[in-house]
Amino acid sequence: MADSATNVPPPPHTIFDTILVLDFGSQYTHLITRRLRELNIYSEMLPCTQKISELSFKPKGIILSGGPYSVYWDDAPHVDPAVFEMGVPILGICYGLQEIAWHSDQKNVVAGEKREYGHAILNVHKHSGKTAHVDALFAGLEDDMDVWMSHGDKLSQRPAGFVTVAASENAPFAGIAHEEKEWFGIQFHPEVTHTKKGTPLIKNFAANICGAKQDWTMDAFVGKEIERIRALVGPKGQVIGAVSGGVDSTVAAKLMHEAIGDRFHAIMVDNGVLRLNEAKQVKETLTAGLGINLTVIDASDRFLDLLAGVKDDPEKKRKIIGNTFIEIFQEKAKEIAAAAKGSANEGEIEWLLQGTLYPDVIESISFKGPSATIKTHHNVGGLLEGMHLKLIEPLRELFKDEVRALGTQLGIPEDLVWRHPFPGPGLAIRIIGEVTRDQVRIAQQADHIFIEEIKKAGYYKQISQAYAALLPVKAVGVMGDKRVHAQVIALRAVETTDFMTADVFDFPTKFLSKVSTRIVNEVDGVCRVLYEGKSSQQPTTSELSGHEFANGQIVTSKPPGTIEME
């Protein structure tokens with residue numbers, strides 16, 4: 001139901017049954033949300049410090065995630081005690097289990113004598129005659145489950161009012177259930193693929209115990225979101241939107257066009273750090289292909305002049321680009337509003353469309369306790385404090401695979417839906433060190449060659465994101481019988497479904513050799529190419545201005561690395 005004061009339809013968590021995931025800082029927390037979404041159950045993740053009184057909705061159930069802390073530490077994070085007074089089912093995972101036990105009695109959790117990391121066999125205990133819900137979490141799951149453990153602490157005793165529903169060799173209380181309340185705790189991680197029956201267990205909790213409807217689909221989402229956009233913007237309001245040609249901004253732009261038509265003004269800013277021929281290609285795609293009214297603004301000199309001299313601070317690059325984007329949008333909004341006076345589209349421009357995704361939001365969250373900001377996303381944390389436009393972010397609750405599904409639902413061609421993402425700060429965060437016009441040229445040309453060869457070889461859809469980065473070092477080479485001292489390109493390609501975690505892509509050595517040869521031969525100023533990922537190539541070490549790199553052996557997944565360089 002729409003808000004009576006504003007007549008604006010509410011966000012997804014008040015429309016769809018929602019499972020709330022409270023994050024204690026585990027590297028796996030986002031996977032809990034992903035598994036729920038895959039089950040077509042809507043879920044949102046919030047910090048474990050979330051005050052229940054400040055929630056704008058009542059979840060169908062709550063999941064407490066794992067975390068790197070010990071509940072008995074003086075500075076350990078704990079949930080709002082009101083969590084246990086909401087009257088909804090609760091599932092604690094790993095640290096979450098210990099949080100439930102600690103809440104009952106602080107003597108219940110101790111440091112384990114033996115850490116348990118990796119696979120473990122779980123023995124499920126049945127309880128005939130007990131309250132019906134006690135066995136519900138493991139319903140349909142056979143004994144001797146293969147699960148994934150990652151903990152040092154464990155329960156020293158079973159909390160009062162609970163029964164044991166599962167045990168492993170090292171964790172006698174690996175699964176507990178309250179005899180009266182629908183509270184459950186498990187020591188293992190059902191959200192990771194290493195736990196073979198993890199998804200059915202999560203379904204047991206969310207769908208069967210909590211009663212959450214499995215109706216979260218892009219088909220259901222799109223109509224409600226279009227309705228929400230129309231109500232937010234109003235019958236005469238206008239929206240200005242950032243587009244880059246990537247899947248996120250393209251889907252957001254198409255959704256906005258479907259909602260309000262020509263009152264949506266798509267703006268592409270050429271910030272001087274786009275991919276080769278990007279502005280021209282995007283204009284053709286969005287205008288001719290999708291019927292979107294697009295204006296391209298060439299502000300490359302403005303951006304590059306501001307970036308000059310910024311060498312060692314990637315956050316400063318992001319802030320400069322994010323702030324300058326907003327300045328340009330505000331300037332353009334005034335121009336469009338002035339030009340629209342007296343026309344059918346007359347109306348104040350007060351909204352700025354951005355293609356923010358849920359992983360952007362998660363990675364930009366910082367709260368006192370288990371989590372810290374990984375990096376500032378220009379469309380989440382890099383905006384001007386005095387910005388006159390209000391943000392409208394229709395994709396904010398979606399993961400990347402959901403955005404692709406939404407794009408297909410909207411009729412966007414497959415090649416656009418599956419286009420690799422491109423960061424808002426562009427090549428500025430793929431050029432390590434100072435961004436100059438010549439550095440941009442090198443990065444553009446190398447990246448173009450890499451992507452071109454990936455497409456020719458048929459790898460493009462297998463890879464989630466690939467690019468060429470320019471390193472801040474020089475190497476000695478021999479070209480044309482002459483000694484050269486030129487720059488180094490690092491190639492990166494990863495596989496992922498949600499962009500929260502990622503594995504490097506395994507290219508054949510022959511393919512990498514071809515790409516390397518083309519880049520060195522065709523890009524003036526480069527004499528060496530490295531691949532940051534797996535390869536069958538034998539390791540060799542080369543001296544590069546005092547830095548050592550192992551060719552073909554730099555295997556950096558996410559985490560610990562991020563997908564982008566900066």
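Guide: A residue is buried when its relative accessible area is under 20%, exposed when over 50%, and partly exposed in between; the probe is 1.4 Å and only protein chains count. Helices and strands are DSSP runs numbered from the N terminus: H or I for at least four residues makes a helix, E for at least two makes a strand. This is a predicted model, where local features need pLDDT of at least 70 and side-chain atom pairs need 80 or more, while totals for chains, interfaces and linings use all residues. Residues are numbered from 1 along each chain as its sequence is written, and side-chain values use heavy atoms, leaving out hydrogens and water.

Now go to Gly322. It sits in helix α8, residues 314-340. Gly322 counts as buried because its relative accessibility is 1%. Gly424 is 102 residues away along the chain, yet the two C-alpha atoms are separated by 7.9 Å.

Gly291 is in the loop between α6 (278-289) and β12 (294-298). With 40% relative accessibility, Gly291 counts as partly exposed. Its C-alpha atom is separated by 8.6 Å from that of His257, 34 residues along the chain. Gly291 touches His257 and Leu286, leaving aside residues up to four places away in sequence. Contact here means heavy atoms within 4.5 Å.

Next comes a charged residue. Glu397 lies in the loop between β14 (390-392) and α10 (400-409). Lys and Arg count as positive, Asp and Glu as negative; His and the chain ends are not counted. A salt bridge needs a side-chain nitrogen of Lys or Arg within 4 Å of a carboxyl oxygen of Asp or Glu. Glu397 is buried but has no salt bridge, and Arg228, the nearest side chain of opposite charge, is 5.3 Å away. Beyond four places in sequence, Glu397 touches Pro12, Arg37, Tyr42, Glu44, Tyr358 and Glu402.

Look at a helix pair too. Axes are lines fitted to C-alpha atoms, over the stretch in contact for helices, and angles run from 0 to 180 degrees between N-to-C directions. Helix α12 (residues 437-457) and helix α13 (residues 509-522) pack at about 145°, with axes 10 Å apart. Their contact includes Ile449 and Phe450 of α12, and Phe511 and Val515 of α13.

Last, the cysteines. Cys94 is buried because its relative accessibility is 4%. Cys210 is buried as well, at 8%. A disulfide is a pair of cysteine sulfur atoms within 2.5 Å. By this rule, the count is zero.
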